[in-house]
Amino acid sequence: MQPECFKSGDIYHLDELLNTVPCGFLTFTDDGKIVVVNATLLQLLGYELDELRGQRIDSILPIAGRIFYQTHFFPLLKLHGKVEEIYISLRHKQGNTLPVLVNAVRQERSGVFINECIFVLVRQRVRYEDELLQAKKDAQAAILAENQANARLQQAQIALESKQAELLELNAKLEEQVQQRTAQLQQALNFESLLQRIADKVRDSLDEEQILQAAVQELGVELAIEYCDVEIYNSHQTQPIVAYEYNQSLTLAPGQAVKITSVIPVIASVPMQGEVLQLCSIISHGLLHNPKQLAILACPIYDDRGVLGNLCLFRQKEETFSNLEIRLVQQVANHCAIALRQSRLYQAAQLQVQELKRLNQLKNDFLSTISHELRTPMSSMKMALEMLEICLLPLGVFEHTNPIGQYFQILQTESQQELDLIDTLLELAHTDASTAPLNLSPIHLHFWLPHVVEPFIHRTSNQEQYLKVWVQEDLPPFMADLTYLGRVLTELLQNACKYTPAGETISVSARFAVDSNRRNIPCLQIEVSNSGAEIPEIERDRIFDKFYRIPNNDPWKHGGTGLGLALVKKLVEHMSGSIWVESSQNLTQFILQFPLNLE
């Protein structure tokens, strides 16, 4: 009976030739649903087309065939895209099984994977079995007829059995070697993972206690040893002191790292040149149960500067340490040495930082004290000079021909410079201590900024420099400390006048800007720039340091103390602003930014 072919609207079609070929044909999807069955396979299995189409392929497979299909056949088909001459059994509708050979191929059509199979009934098997039975009868007849041939056959059988026994023994040995090698590889992987964990822990820590505890704890747990400790040498490297230990025998806290402070002379001597010591000795220790004989592995923790300590492991005497374990302990000791040296360098650096902070505070205190002590006598000297000028003025001693006037002018100039220096030191001390209060008031830069620049007009004219001021028209009033902001701009303009060559330009400008360091909030930006001078890039971050002056950058010999820009930075930061310098293409710009919402 011929089955119906799919209609023209279906995805796949069977032509008459494929439907009547002398071998079974079947296609199924990846989820096991049958899509196409030809008439030959339907007749072989005793089904109608509608009984199989849409059913799972499991329905035509016996139990063993289903297992084979799920574990071998379909995985191989998905992996390789085809299978060839696979033996499998099909289940007839009546329940009996049919042995067949199957060839299958996996193809993608219209975006869907379809598995196409051809089944050939295995009819030759019966003939092969009959031939085998006949051959067996012939062989038995030959054995009965020829005793000599039978004897030789028995001897060959004995030899064959001997070879089979040898083969089985060889296979057993190979299997044992494979298992041992597999165990070694797994242990190596476990040790590699352990070493990575220890390296991560000790690398990320600068705490010596955490480093030692992590190494001892991880080694003790992973190697399942009786006892493990790390010993750190004293400053003279004469005696190791147990810093941390791992002990399985502890009853109060088994398997935990326990900090102890007593000196435990577990090993009398450990090689000091990097060698690993492995020995067996009787150990008596209060943390262990009874005195027992243990296998000991001692590995020094050292680097190019010397030995820092020892890493000691103890286990039952029957369980010696393998080469793989020894290499692992050596690598752990190397990581500990690096981490310990980093930790100690960090601690030393921290001590140096604290000492530098203390010295810097002493310097600041000294400058503040000296400034206070000097200001009173300098103020008195300044007042005395003014009174002296009042007394000497009627006497006519300040005439141009009299050198007394010149000397008097030198005294006034130098005393004023000393007072300015003392005031700068005091302001720096106040801003460092954050004790100077802010006196905020609204500043209209259109009127105020030209007033600040006015004293420098005559000076720049005398030095053949050009002075420009520009303020954005729509700037609102700006809340700031008039005294502080005036001092900042005055100091920056004085520097610009000092280091700007004749014929160059000094500019002061104010405008709106966006402060990218404060989440793009609007701010006021003031720039003081001068052409004809450039600050080397390596010096730009240092010019705001106290007492720092750029080497060989003062061709006019103006001199100075290096405190002006340090005071400027402190005052700007005290007003919640920021300042930086940009210098390139023969132009230097000092840029100040203040948030407009400053209160």
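**Ground rules.** I am working with a predicted model, where local features need pLDDT of at least 70 and side-chain atom pairs count only at pLDDT 80 or more, while totals for chains, interfaces and linings use all residues. Residues are numbered from 1 along each chain as its sequence is written, and side-chain values use heavy atoms, with hydrogens and water left out.

**Salt bridges.** I looked for a side-chain nitrogen of Lys or Arg within 4 Å of a carboxyl oxygen of Asp or Glu, which is what I call a salt bridge. Strands here are DSSP runs of E with at least two residues, helices are runs of H or I with at least four, and both are numbered from the N terminus.

I then checked exposure, taking buried as under 20% relative accessible area, exposed as over 50% and partly exposed as in between (1.4 Å probe, protein chains only). Arg 106 counts as buried because its relative accessibility is 17%, and Asp 30, at 31%, is partly exposed.

Next I looked at Glu 527 and Arg 511, a salt bridge with its closest N and O atoms 3.5 Å apart. Here too distant parts of the chain are linked, with Glu 527 in strand S16 (residues 521-531) and Arg 511 in strand S15 (residues 505-515), 16 residues apart. Glu 527 is buried at 14%, whereas Arg 511 is partly exposed at 30%.

My last pair was Lys 82 with Glu 84, where the closest N and O atoms are 3.6 Å apart. Lys 82 is partly exposed at 47%, and Glu 84 is exposed at 54%.

**Helix H13.** How many residues of H13 are buried? I found eight of the 11 in this helix (residues 564-574), so I noted H13 as mostly covered. Among the buried ones are Leu 565, Val 568, Leu 571 and His 574. Just after H13, I noticed that Ser 576 takes a positive phi of about 65°.

I picked Gln 331 in helix H8 (residues 323-392), which is partly exposed at 38%. Gln 331 and Ala 199 are 132 residues apart in sequence, yet 9.5 Å apart in space, C-alpha to C-alpha.
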